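Hi,

Here is the structure I promised to pass on.

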Amino acid sequence: MAAWVEGRVIERIEWTPTLFSLRVEAELAPYKAGQFTKLALQRGEQRVQRAYSFVNPPSAPYHEFYLVEIPDGQLTPSLAALQVGDSLLVQSLAAGFLTLDELPAGRDLWLLSTGTAIGPFLAMLADGEAFELFENLVLVHGVRQGEELTYQALITSLVEQYGPRFRYVPFVSREGWPGAMAGRIPAAIGEGRLQARVGLEFSPAHSQVMICGNPAMVKETQQTLLEIGLAKNLRRAPGNISAENYW
């Protein structure tokens, strides 16, 4: 059973009234970009815990988590109330297989996310290894409202650093937003709109696709990609599609 260690909040980032990030100091075992751990708060005899992905590259001197506050949630309102200097519990061993070393070789890496599930992809991109393994990288982030398109400073720095090798495509489903595509990611793939925007096709020979988001989006996106000829990536049968539900 994985051990728990005490962590301390060293920075809070407020994105919107319900979206926030916590930077935490804690002595954890080494982990890979794309993995997750658990955060917890002790309430008397009860330990309330939930899994969250690391947003930071493993080389960072802190551990960063991107959260959405659920008003009637058991844990997130309490996490949202934490201030710099407050403590929380962090599971010391990370888990998860949505990592670059689980992927077959390819030319193009598509990172398709919704909401706070962009977190593990930001860790991979900031780490830099993805740019050593793939020629083209595409980060797609679907949200409901434009204000939820967070981490823009990091994304802009990646655009500046890697130029045309890196494409960022935001989707906003509930309002018009400058530079964003309308609607939902699976439909845009099925209609070819995403591919046209990026200037790349999904191809069994060249594409690796990682999907992280709400279960409905993950299921629909996988189905759409299967219909256009891609295959799920399994250890016993390497393919193109790797996915993780994000709640």
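**Aromatic pairs and the sheet**

The count of aromatic pairs comes to 8, where rings of Phe, Tyr and Trp (its six-membered ring) pair if their centres lie within 6.5 Å, and planes under 30 degrees apart count as stacked, over 60 as edge-to-face and the rest as tilted. One of them is Y31 with F54, stacked at 3.7 Å centre to centre with 10° between the planes. Y31 sits in the loop between β2 (19-25) and β3 (36-43), F54 in the loop between β4 and β5, 23 residues apart. (Helices, H or I of at least four residues, and strands, E of at least two, are DSSP runs numbered from the N terminus.)

F54 also pairs with F65, tilted, with centres 5.3 Å apart and planes at 40°. F54 is buried at 1% relative accessibility; buried means under 20% relative accessible area, exposed over 50%, partly exposed in between (1.4 Å probe, protein chains only). F65 is buried too.

Then there's the sheet: 6 strands, open, antiparallel, in the order β4-β3-β6-β1-β2-β5. Two strands pair if DSSP finds at least two bridges between them. β4 (46-53) and β5 (63-68) are the edge strands.

A word on the source: this is a predicted model, so local features need pLDDT of at least 70 and side-chain atom pairs count only at pLDDT 80 or more, while totals for chains, interfaces and linings use all residues. Residues are numbered from 1 along each chain as its sequence is written, and side-chain values use heavy atoms, with hydrogens and water left out.

Cheers
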